[in-house]
Amino acid sequence: MKRSLSVAVLAFVVLTGCSANNDASDTGQSSVGAPSPQVYQDVQNWSGAGDNGARFTATGEVKAPSGVEEARQLMGKSNTPLHFLAVTVDNIKGADSITTLKATFTTPAGDLVEYTPLGDYLNESEAPESSSVDATNRIIEVHNAFSWDEYEVIAGQKKTVVLATESAYPHQVTHATVGEGITLTPSDRSAETDRATGAPEAKGLITKQGVVGV
């Protein structure tokens, strides 16, 4: 006896086959057509804007603010160089206070270079035990000059703050942010480094043994 598929079963097979082919086709198109992230090459200056009216201009590989290299030397950290990023926060037209404690750069390899406040790298407890009281006090003085309060920019104010990292400044970047995830893009303007926060000068030449030439 011959057996034949019903019309309903045959239609189901045909439709199922079409659906499978469409799914496979869609998957192939999405994987092939996925856009590659844009890579920014050797960018030094960046800019961005927040939702509350504040604007940010960042410049990489700037010089260390006053007091930082001195304090790092007293801590015995000269062999671990820091890399600095200056961020000018223009909050003149802003509605709220802005505290800029972070900037991040993502590389094409997926690595994340994160800049944080200078105080994170100026801890007197990391100084050698042989350090003098004056040397320890100087490290504390420099640390306090870059406390979190110094990274706050109130509404109506404009200030340049400096962040640091132990990682090298990336030459290739796919995504850059400052503060709470504010996107940065390449800019032809640089941060106002001449107005950056710095530590007060030491009263004398401070060494691990004490103060010289007060």
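Tyr40, Trp46, Phe105, Tyr115 and Tyr169 form one aromatic cluster. Rings of Phe, Tyr and Trp (its six-membered ring) are taken as a pair if their centres lie within 6.5 Å; planes under 30 degrees apart count as stacked, over 60 as edge-to-face and the rest as tilted. The structure is a predicted model, in which local features need pLDDT of at least 70 and side-chain atom pairs count only at pLDDT 80 or more, while totals for chains, interfaces and linings use all residues. Residues are numbered from 1 along each chain as its sequence is written, and side-chain values use heavy atoms, with hydrogens and water left out.

By the ring rule, the count comes to four aromatic pairs. A pair of aromatic rings is described by the distance of the centres and the angle of the planes. Phe105 and Tyr115 form an edge-to-face pair, with 5.8 Å from centre to centre and 80° between the planes. Phe105 lies in strand β6 (residues 103-106) and Tyr115 in strand β7 (residues 112-117), so the pair ties together parts that are ten residues apart in sequence. Both Phe105 and Tyr115 are buried, a term that stands for under 20% relative accessible area, with exposed meaning over 50% and partly exposed in between (1.4 Å probe, protein chains only).

The chain as a whole contains three helices and 14 strands. These elements are DSSP runs numbered from the N terminus: helices are H or I with at least four residues, and strands are E with at least two. Of the 214 residues of the chain, 37% count as buried. The accessible surface comes to about 12,800 Å², of which 50% belongs to carbon and sulfur atoms; such areas come from the Shrake-Rupley method with a 1.4 Å probe, and for residues only the protein chains shown count as cover. Among contacts (heavy atoms within 4.5 Å) in the chain with a separation of 6 or more, 78% are accounted for by residues 24 or more positions apart.

The interior may be considered next. In soluble globular proteins, nonpolar side chains tend to be buried together. A nonpolar core is a set of buried Ala, Val, Leu, Ile, Met, Phe, Trp, Tyr and Cys residues joined through side-chain atoms within 4.5 Å. The largest such core here has 45 residues, and those with the most contacts inside it are Trp46, Val87, Phe105, Leu118 and Phe146. Strand β4 (residues 83-90) contributes the largest share of this core, five residues. Leaving out residues up to four places away in sequence, Val87 touches Phe56, Thr57, Ala58, Thr100, Lys159, Thr160, Val161, Leu163, Val178 and Ala191.

The C-alpha atoms of Thr177 and Phe105 are separated by 6.7 Å, although the two are 72 residues apart along the chain. Thr177 is buried, with a relative accessible area of 10%. Beyond residues up to four places away in sequence, Thr177 touches Ala103, Thr104, Ile182, Thr183 and Leu184.

Thr183 and Leu184 are also among the contacts of Ser47, together with Phe56, Thr57, Thr185 and Ser187, when neighbours within four places in sequence are set aside. Ser47 lies in strand β2 (residues 45-49) and is buried, with a relative accessible area of 19%.

Ser47 also takes part in the lining of the largest pocket, along with Arg55, Phe56, Thr57, Thr88, Asp90, Lys158, Ser187, Arg189, Ser190 and Glu192. On a 1 Å grid over the protein atoms alone, a pocket is an open set of points with protein on both sides within 12 Å along at least five of seven lines, and lining residues have an atom within 4 Å of a point. The largest pocket has a volume of about 190 Å³, where grid points are joined across faces, edges and corners and the volume is the space filled by probe spheres set on the points. β3 (55-62) and β4 each supply at least two residues of the lining, and the largest share, three residues, comes from β3.

Strand β3 also holds Glu61, which has a positive phi of about 55° although it is not a glycine. At 42% relative accessibility, Glu61 counts as partly exposed. Asp42, likewise not a glycine, has a positive phi of about 50°; Asp42 is placed in the loop between β1 (40-41) and β2.

Definitions and conventions
On a 1 Å grid over the protein atoms alone, a cavity is a set of points where a 1.4 Å probe fits but cannot get out, and a pocket is an open set with protein on both sides within 12 Å along at least five of seven lines; lining residues have an atom within 4 Å of a point.
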